[in-house]
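My notes follow the display.

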Amino acid sequence: MRCTALQLIDTMQLSELETPALLLDQALLRSNIDRMRARMTQLDVALRPHVKTAKCVEVALLDDGGARGPITVSTLREADQFAAAGWRDITYAVGVSANKFAHLRRLLQAGVQLGVLVDSVDGAGALADAFSDIAQGGASAGLRVHIEIDTDGQRAGLAPGSPAVLEVAERLRRAGLAVAGVLTHCGASYHCHGDTALRAMAEQERAGAVAAVERLRAAGHAAPVVSVGSTPTALFAESLPGVTEVRAGVYVFMDLVMAALGVCRAEDIALSVLTAVIGRRADKGWLLIDAGWMALSRDRGGAGEFIDQGLGLVCDAAGRMLDDYIVIAANQEHGIVAHRSGDPALALDLPVGSLLRILPNHACATAAQHEAYAVLDAQGAVGARWLRFGGW
């Protein structure tokens, strides 16, 4: 089923929602999108939003200014959903395996211009054998093959100077498949402390990708695409010569990890989980809430490296932060709110039924626990319900 808006007949107040519920502040969402779009304009580079964070057509349309431009996905389920909703330029930014080739072909046959990644000669060979008809302009003519480059030692990809970069390209060329370009993601940016470190990581990401593509071009490959990106590097890059597009995703919502990095303020986070107080343990300084790890996720964000926000930072029902109150622990459907000091004397004194909001450590993980966004209007009421989807 396509992700589509379900407009509520009447505006709802937060008190009318069953909890836990995933809230999306549309004004903050738009502000975060505008910030990224403005920065890409300043850097004179195209933005290919990563829709894995929201997994929702309505958010993607706002992110695209109402258009259906280039996007990035992390699952083929996302590719299917957005293709069905009219998107035609999609990059699947996860290394592809043979058991997905039939799915790729279905997307191509539906008219999608589909980018895929390889980072090994074996992987390139399997892809080339399966899609050799591209050389004859067949059904896979919309396939774009990118070589994944590792610019930070964090995950997948080939080092920019690795001989395998050219070997992969040659294996593709022998089968009649052109190399579309290179793609990299500098996940190490999520561990940078301070603006200087973030700017340096953005330049490391750029320089590595450009060095790799220059080797490909020197060897006779057109390789027009140089795709880089993460939210931190996108917003902290000082210049991006040689880069053709930036991919980023979590900027639409922001989260406590981004706040810890200094990429945003906690006040900029557009996503929160509405929860109700369901009990108290005065002896322990606890409030019990009906948002457990099934509603919040188990993601601890920057704990151990930055400030430990537990399983989320606590706000009142209007979204105002309650200083130093966090979700210290959770069971499947129970959360425990307490002062981060652990002092029982500092327990929140709220009656059962009181509403709170929890800001997420990792917006992607928290949103993935829910089927829809309760979208807040300028008055803080719920004006719409936007469906999201999961799965692969």
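Predicted model: local features only at pLDDT ≥ 70, side-chain atom pairs only at ≥ 80, totals over all residues.

Entry on E15. I looked up strand E15, residues 335-339, and found 5 of its 5 residues buried, where buried is under 20% relative accessible area. I then checked its pairing with strand E12, residues 286-289: the two are antiparallel, with 3 bridges. Within this pair I located Leu288, whose bridge partner in E15 is Ile336. Next I took strand E14, residues 321-330, which runs antiparallel to E15 and is joined to it by 5 bridges. Here I found Ala330 opposite Gly335 of E15. The link from E14 to E15 is a hairpin of 4 residues.

Entry on the open sheet. Which order do the 8 strands follow? I read it as E3-E10-E9-E8-E7-E6-E5-E4, and the pairing is parallel. Strand E3 (46-49) and strand E4 (71-73) are at the edges with a single partner strand each, so one side of each has no neighbour in the sheet. From one strand to the next I note an average twist of 30°.

Entry on one pair in that order. I checked strand E9 (residues 225-228) against strand E10 (residues 245-248) and found them parallel, joined by 2 bridges. Val228 stands opposite Val246 in E10.

Entry on a helix. I looked up what helix H6, residues 163-174, lies across, and found strand E6 (113-118), strand E7 (143-148) and strand E8 (179-183). Against E7, I note that H6 runs at about 160°.

Methods: Residues numbered from 1 in each chain as written. Heavy atoms only, no water. Buried < 20%, exposed > 50% of the residue type's maximum accessible area, 1.4 Å probe, protein only. Pairing = 2+ DSSP bridges. Axes fitted to C-alpha atoms, helices over the stretch in contact; angles between N-to-C directions. Contact = heavy atoms within 4.5 Å.
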